[in-house]
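I opened this notebook to record what I looked up about ligand contacts and salt bridges. The entries follow in the order in which I made them.

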Amino acid sequence: MGWKLENTYTRLPDNFYTKTKPTQVTAPQLIIYNEELAESLGLDGTTLQTDTGIAVLAGNELPEGSIPIAQAYAGNQFGNFTMLGDGRAVLIGEQITPSGERFDIQLKGAGRTSYSRGGDGRAALGPMLREYIISEAMLALEIPTTRSLAVVTTGEEIFRETKLPGAVLTRVASSHLRVGTFQFAHIFSEEEDLRALADYTIQRHFSYLAQHENPYQELLKEVIRRQAYLIAKWQLVGFIHGVMNTDNMTISGETIDYGPCAFMNTFDPETVFSSIDTGARYKYGNQPPIAHWNLTRFAESLLPLLDKEEEKAIKLAENALDTFPKIYTTYWLDGMRAKLGLFNEESGDQKLITDLLQAMIKYKADYTDTFIALTTKKLDGAVLFHSEEFLEWRKQWSERLKRQEVDEGHIYAKMKENNPALIPRNHLVETALDAAVENNDFTVMKDLLDALAHPFAYTEKQKEYAEVPVPKTFYQTFCGT
Ligand code: AMP
Ligand code: MG
């Protein structure tokens, strides 16, 4: 099958994980399978789709070399610190790819673990397909993310508000190290264990920092930079994660844990989708400051390693954290300039951008469609485009474009590369999931996945998905566990 597993995580201190076998399921069935990802992992697609292969994806059999574990971590959930850990996921090992890269292979929904608390350790088909669709769409949108190799149904029902088909998602990640893993090591472990975790992390993700005078300070700076980049990417496409708890923030800078996430339609920084986010803590406009808050928790966890003297350690942490807003804004501005076809920088750019965003808020413009319209020069339809504010803005933008002395062809090519023609809008995802879960019809989802794989292509086929829902119904996403 091509499995080439290592288990370096099990060399960390014992309390960082619990050896846990996936729970057997009765009748696994392969629902969807990611051929391209399998190939890049060095897995043989044909055998992976046979009964023996599916048994592995369902957790009924372990591939050679696997030492299955559940990882320990803690986290701030909506602000409150608590002990967590993989309550329904089992890491079966780290696959070494033909090109020598290392990826965690994790079965999500694989049964109870010692960290399950009251949970059943299981996952439902709908939410696992949702994670599959959105994570693969994020990848195509050039946003760092964990990936999805396959979804199998278990042949068993699980009980939520209603009975639902049970499923297991095979998640692929450059690692599952989280801010919460460091919080766990800091609070529940000894300093030498925290150091072991930091050294492991540096070796696994940031080996170029190992020789540095203070590698832990560099680790902090690098995680801050990667998260600033990631969150800027989210904001630029209008992605709302929904549960930005510290246990759902990776050290690698990949998006992880697609629960009640969704893409914004009408532009409004107040947008919140998740039914459990009653205080709007994780609304669109809060994502950058929340990332900063989470990174502060990460820095606190690293304090003992930053310097032997606490005061000095705090100073180092503060200095690093203070750079977050600027790094974030720089990435975001660069991204916005690209969306508007700007090749160089001018001091008035931020104002030009916020003027457009303000007008979008005022006239309730669709975020993605506004940029598509600017890209394709079809400025009719939306109320925004007939407003005084927009007409004035457009004049400013035209003058700005002229000043950079780049020909029009290049400007619009750049805009096309940076403004997706298609995003996984909620109603598209829901329609695909309904067909799959209610009617066993997986063609809707597969068609959608094909279209989402090339968001910058501007094809005729994508126009079929272009309709924006009238914002009449209040859309809510559920944690979907
Ligand atoms: P999440 O909100 O998905 O990030 O999960 C938060 C915590 O709850 C993690 O420790 C999960 O492993 C755990 N959890 C979520 N769903 C279940 C479940 N059905 N059974 C056991 N643990 C779960
Ligand atoms: Mg989580």
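The entries below cover the conventions, the ligand site and the salt bridges.

**Entry 1. Conventions.** I note that this is a predicted model, in which local features need pLDDT of at least 70 and side-chain atom pairs count only at pLDDT 80 or more, while totals for chains, interfaces and linings use all residues. Residues are numbered from 1 along each chain as its sequence is written, chains are lettered from A and ligands numbered from 1 in the order in which they are written, and side-chain values use heavy atoms, with hydrogens and water left out.

**Entry 2. Ligand site.** I looked up the surroundings of ligand 1 and found 18 residues, a residue being near if one of its heavy atoms lies within 4 Å. The closest are Gly85, Gly87, Arg117, Asp120 and Gly121. The shell comprises two nonpolar, eight polar and eight charged residues; Asp, Glu, Lys and Arg count as charged, Ala, Val, Leu, Ile, Met, Phe, Trp, Tyr, Cys and Pro as nonpolar, and the others, Gly among them, as polar. Domain 1 (5–173) and domain 2 (179–331) each supply at least three residues of this shell, the bounds coming from an automatic or database domain assignment.

**Entry 3. Polar contacts of the ligand.** I then checked pairs of N or O atoms within 3.5 Å. The side chain of Asp120 places an N or O atom 3.0 Å from a nitrogen atom of ligand 1. For Arg88, a polar side-chain atom lies 3.3 Å from a ligand nitrogen, and for Arg122 a polar backbone atom is 3.3 Å from a nitrogen atom of ligand 1. The protein covers 85% of the 490 Å² of accessible area that ligand 1 has on its own (Shrake-Rupley method, 1.4 Å probe).

**Entry 4. Salt bridges.** I counted 35 salt bridges, each a side-chain nitrogen of Lys or Arg within 4 Å of a carboxyl oxygen of Asp or Glu. Asp369 and Arg425 form one of them, with the closest N and O atoms 3.1 Å apart. Asp369 lies in helix H12 (residues 367–376) and Arg425 in the loop between helix H14 (408–418) and helix H15 (426–439), so the pair ties together parts that are 56 residues apart in sequence. Helices are DSSP runs (H or I, at least four residues), numbered from the N terminus. Arg425 is buried at 4% relative accessible area, whereas Asp369 is partly exposed at 27% (buried is under 20%, exposed over 50%, partly exposed in between; 1.4 Å probe, protein chains only).

**Entry 5. Network.** I also recorded a network of salt bridges that links Asp334, Arg337, Glu346, Asp349, Arg400 and Arg403.

Methods. A polar contact is a pair of N or O atoms within 3.5 Å; within protein, one must be able to donate a hydrogen and the other to accept it, and residues adjacent in sequence count only if both atoms are side-chain atoms. Helices (H or I, at least four residues) and strands (E, at least two) are DSSP runs, numbered from the N terminus.
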